[in-house]
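Welcome! Take a look at the sequence and the model, then read on.

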Amino acid sequence: MTGHDLHDAGEGPRADRPKRRTFTAAYKLRMIEEYDAAEHGEKGALLRREGLYESSIQKWRRQRDNGQLTASGTAVPPRKEKSAERAELERLRKENAKMLREKERMARKLQQTEAALEIVGKWHALLEMMSGSADSENS
């Protein structure tokens, strides 16, 4: 907790709500080392004593391995793509989504056209049958 959190304790409408804890990089690295050095039965005791979850240790270990968590306490931000590359990627994603929607629309239209042609073909065959039977009745 920070000094700000302690100062506001007891004041305001949400004073009874728990505060989110924050951990320094040094604390995270120390907990990873202690957890890794602990025997199998002692790991759970360490987590209970510190009020931590194993998922936090795993997350901090990933951050350490990725270089985002250093002993100096400064976090190295993950490498971001250049904004031009990101803009181009976003444009291509939008274009791809638009083309997929167009493809779906055209597939539905083709299906409707094929169904209409099938109906017209059956209607034409029926007319020929009726025409043929009418001709045979007139003879």
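In this predicted model, the largest nonpolar core is made up of twelve residues: A25, Y27, L29, M31, I32, Y35, L46, L47, L52, I57, W60 and L69. Helices α2, α3 and α4 each supply at least two residues of this core. The largest share comes from α2, with six residues.

**Helix α2**

- Helix α2 spans residues 25-37, which is 13 residues.
- From its first C-alpha to its last, α2 reaches 18 Å, close to the 18 Å expected at 1.5 Å a residue.
- The buried residues in α2 are A25, Y27, K28, L29, M31, I32 and Y35.

**Helix α3**

- In α3, the buried residues are L46, L47 and E50.
- Around the helix axis they cover an arc of only 95 degrees, so they lie on the same side of α3.
- Turn to the face of α3 that points away from this buried side, and you will find the exposed residues G41, R48 and R49.
- The cover over the buried residues of α3 includes α2 and α4.

**Just after α3**

- Which residue just after α3 takes a positive phi? That residue is G51, with a phi of about 70 degrees.

Definitions and conventions
Residues are numbered from 1 along each chain as its sequence is written. This is a predicted model: local features need pLDDT of at least 70, side-chain atom pairs count only at pLDDT 80 or more; totals for chains, interfaces and linings use all residues. Side-chain values use heavy atoms; hydrogens and water are left out. Helices (H or I, at least four residues) and strands (E, at least two) are DSSP runs, numbered from the N terminus. The expected span of a helix is 1.5 Å times one less than its number of residues. Buried means under 20% relative accessible area, exposed over 50%, partly exposed in between (1.4 Å probe, protein chains only). A nonpolar core is a set of buried Ala, Val, Leu, Ile, Met, Phe, Trp, Tyr and Cys residues joined through side-chain atoms within 4.5 Å. The arc is that of the directions from the helix axis to the C-beta atoms. Contact means heavy atoms within 4.5 Å.
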